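Hi,

Here is the structure I promised to pass on. Please open it and keep it in view while you read my notes below.

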Amino acid sequence: MGFVLKAFYNGADGIFIAGCRLGECNYTTQGNYHALNMVCLCKKIMEYAGINPDRLKIEFMSSAEGIRFARVVSDFINQIREIGPIGEAEGVSRDEMRDKLGKIIKLIPYIKVAKRDKLAMKPEDIEDYEKLYTKEEVEELFANVPSYYIDPERCQACGTCRRRCPAGAISGEKNKIHVIDQDKCIKCGTCYEACPPKFKAVKKLVGEPVPPPIPEEQRTIQRKKAAG
């Protein structure tokens, strides 16, 4: 999904994905089924962002179908030319389009976590893929984007969340209350899952503002010395 949305972000007018025929791949990864699932979700996200979903196409064929491949690609190119340049045809400026896509690209880890069960589904009938995701479902997905916050009253500076964060969004050191940089946070929830249950310092917030970070001079943890 990241490759697709980044290509549109960089100005691609259309994206064509080709794969082996469903059920005929020489490998056991089922990648073509996963790709079809991803494309169906991506098209709904494109609609949400105001991008014509017809700019993205996936087709399955064998390596022996060279003539069909050439025809399908040619038809798709003509279709994209008919639609027009991305952004311009949608009635928005290139900067506005990039701004929308940039925000969505940053949320891809969150999207994958939120929809991991459905993204792993493999309906038997190819027509069922079109029904996997709805416009309302995607709108709700983006309406409920979480934020993560480390409660300074509960943080014990164990460093688990900081080490596990894939975006390097958490700052902290030994005996220092950890803080999440909201601008760097990719909403993946790794810190929330990694925080030891005995501390429960990482809070998941939906629909409410994130409290301001604790001042640097107040981040040192005063630990009690053991008796004796």
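**Helix α4 and the cysteines**

The buried residues of α4 pack against α1 (2-9), α2 (31-48), α5 (108-114) and α7 (135-143). Bear in mind that this is a predicted model.

Which residues of α4 are buried? They are M97, L101, I104 and I105. These four cover an arc of only 100° around the axis, so they sit on the same side of α4. An α-helix has 3.6 residues a turn, so residues three or four places apart point the same way.

Now turn to the face of α4 directed away from its buried side. That face carries the exposed residues D95 and K103.

Helix α4 covers residues 94-106, which is 13 residues. At 1.5 Å a residue, α4 should span 18 Å. Its end C-alpha atoms are 18 Å apart, so the two values agree.

Are C155 and C195 buried or exposed? C155 has 7% relative accessibility, so it counts as buried. C195 has 13% relative accessibility, so C195 counts as buried as well. The cut-off for buried is under 20%.

Best wishes

Technical notes
Residues numbered from 1 in each chain as written. Predicted model: local features only at pLDDT ≥ 70, side-chain atom pairs only at ≥ 80, totals over all residues. Heavy atoms only, no water. Helix = DSSP H or I, 4+ residues; strand = E, 2+ residues; numbered from the N terminus. Expected span 1.5 Å × (residues − 1). Buried < 20%, exposed > 50% of the residue type's maximum accessible area, 1.4 Å probe, protein only. Arc of directions from axis to C-beta. Contact = heavy atoms within 4.5 Å.
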